[in-house]
Amino acid sequence: MTLFEELKWRGLIKDVAGEDLKDKLNGEPITFYWGTDPTADSLHIGHYSSLVTAKRLMKAGHHPILLCGGATGRIGDPRPTKEREILDYAVIESNIKGIRAQIERLFDGKAELVDNYDWTKDYTFLEFLRDIGKYINVNYMINKDIISRRLETGITFAEFSYTLLQGYDFLHLYQTKNCIMQVEGSDQWGNITTGIELIKKKLGKEAYAFTMPLILDANGNKFGKSEGNALWLDKNKTTPYQIYQYLINADDSKVLEYLKVFTFLSKEEIEKIMEKQNEKPELRIAQKTLAYEVVKDIHGEEEAKKAIAMSEALFIEKFNDLTKEDIEAIFDKKIIVSVESTNLIDLVIEVGAAKSKREAREFITGGAIKINGEKITDLDYVLKDTDFMDNTYIIIKRGKKNYYVGKKCESRKEI
């Protein structure tokens, strides 16, 4: 397959600008750019879906410019329903630092990183209106989907002007770095076409672009922090294991799409995986491959193999070899509770697995409680220090899926 054919097969092309875009992608190396605003101190899996596409273009020989919007981030891309929160400058700078480090790692230092604040900070308001504003008609801006949707509820002049700022980015990169193509998620199409219009009217030149469909979960929600389901690329916010576990539980209806979008596996490799998946879906071969490949690309092979080991330990309930760091990576911090109990009944209540001693007794005698993977039915069971793995954590399981983690309290009496 040509590069364009592969992108189409993977479902990565939605909107296209430029009649001979296909030839540009399949031909000699060109310079293209992808951008994001520093609205958080980390990228998430939603960004990663389009960064993977940028990485594919780089692997095919094209030169990537990856932009982090220190200028546009000061304004904020209009949301469909309300204005974005204005961030402090110090927060923006800190966010840019975190994002750039992640991009450097993902692209092995081979991508060119830029900040649009560098070419806008000294641009006066009057100069911008004369040089840029005069080329874009207000009616043209109002017809942009995101702007038209906000007209009824109200949109500030700052948000309204955002498309001009992003359009200017494309113009600037075209003029200074011969960047002739922009690649983004489909929600940026309106801003992309403003840049193409500027290049056409101001320079008389043609520019190119394509957008990728937004990647949705099985419930039809996009991956992002505004949806409350963000999988962060910062391992301190979302551990490699948590990304692995999320993807290994991907719905069967989505796993082929995710393999095409998120991995660098070839068409032939993916087809073989799906053949095995269809033969024995209970083995979840496709999900396991997906989870491993994504974690490996984001965090490295060692972290991917470690995530597999943790997942297997959780599946067979063999926790003795886990360190406290492993346990912290596996379980959500919200369920970790400091405990000082010395008997099982009090522990079950203390971690929230039961609401009363009567309920705790019923769970224990009914065989519903496991401690570190071992079923305990003795109501008089006394917790020993050796029950706390790495002298720190104890794992309580109630039923088939309910996990609780107790953290040894310093004041707990040693037994």
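User: Why is lysine 254 called buried?

Analyst: The model is a predicted one. Lysine 254 has a relative accessible area of 14%, and buried means under 20%, so lysine 254 is classed as buried.

User: What makes lysine 254 and glutamate 257 a salt bridge?

Analyst: Their closest N and O atoms are 2.8 Å apart, and the criterion is a side-chain nitrogen of Lys or Arg within 4 Å of a carboxyl oxygen of Asp or Glu. The two residues lie three residues apart in helix α12 (residues 252-262), and are therefore separated by about one helical turn. Glutamate 257, at 28% relative accessibility, counts as partly exposed.

User: What makes lysine 55 and aspartate 297 a salt bridge, and which parts does the pair tie together?

Analyst: The side chains of lysine 55 and aspartate 297 meet with an N to O distance of 2.7 Å, and the limit is 4 Å. Lysine 55 belongs to helix α3 and aspartate 297 to helix α14 (residues 285-299), so the pair ties together parts that are 242 residues apart in sequence. Lysine 55 is buried at 7% relative accessible area. Aspartate 297 also counts as buried, at 19%, because the cut-off is under 20%.

User: How do you know that lysine 237 and aspartate 41 form a salt bridge, and are they buried or partly exposed?

Analyst: Lysine 237 lies in the loop between β6 (208-212) and α11 (240-248), and aspartate 41 in the loop between β2 (31-36) and α3 (45-59), so the pair ties together parts that are 196 residues apart in sequence. Lysine 237 has a relative accessible area of 37% and aspartate 41 one of 34%. Partly exposed covers what lies between buried, under 20%, and exposed, over 50%, so lysine 237 is partly exposed, as is aspartate 41. By this rule the count comes to 22 salt bridges. Glu317, Lys370 and Lys397 are linked in a network of salt bridges.

User: Why is arginine 10 called buried, and where does it lie?

Analyst: Arginine 10 has 4% relative accessibility and therefore counts as buried, the cut-off being under 20%. Arginine 10 lies in the loop between α1 (3-9) and β1 (16-17). Beyond its neighbours within four places in sequence, its contacts include Arg56, Leu259 and Phe264.

User: What makes phenylalanine 157 exposed?

Analyst: Its relative accessibility is 56%, and exposed means over 50%, so phenylalanine 157 counts as exposed. Phenylalanine 157 lies in helix α9 (residues 157-177). With Phe125, Leu126 and Leu129, Phe157 makes a nonpolar surface patch of about 460 Å².

User: Which residues touch the most other members of the largest nonpolar core?

Analyst: Met181 and Phe210 do so, in a core of 89 residues. Helix α9 gives the most to this core, with eight residues. A second, separate core of 19 residues includes Val348, Val351, Leu383 and Ile396.

Methods:
Residues are numbered from 1 along each chain as its sequence is written. This is a predicted model: local features need pLDDT of at least 70, side-chain atom pairs count only at pLDDT 80 or more; totals for chains, interfaces and linings use all residues. Side-chain values use heavy atoms; hydrogens and water are left out. Helices (H or I, at least four residues) and strands (E, at least two) are DSSP runs, numbered from the N terminus. Buried means under 20% relative accessible area, exposed over 50%, partly exposed in between (1.4 Å probe, protein chains only). Contact means heavy atoms within 4.5 Å. Patches are made of residues with over 30% relative accessible area and no salt bridge: like charges are joined within 9 Å, nonpolar side chains (Val, Leu, Ile, Met, Phe, Trp, Tyr) within 5 Å. Accessible areas come from the Shrake-Rupley method with a 1.4 Å probe; for residues, only the protein chains shown count as cover. A nonpolar core is a set of buried Ala, Val, Leu, Ile, Met, Phe, Trp, Tyr and Cys residues joined through side-chain atoms within 4.5 Å.
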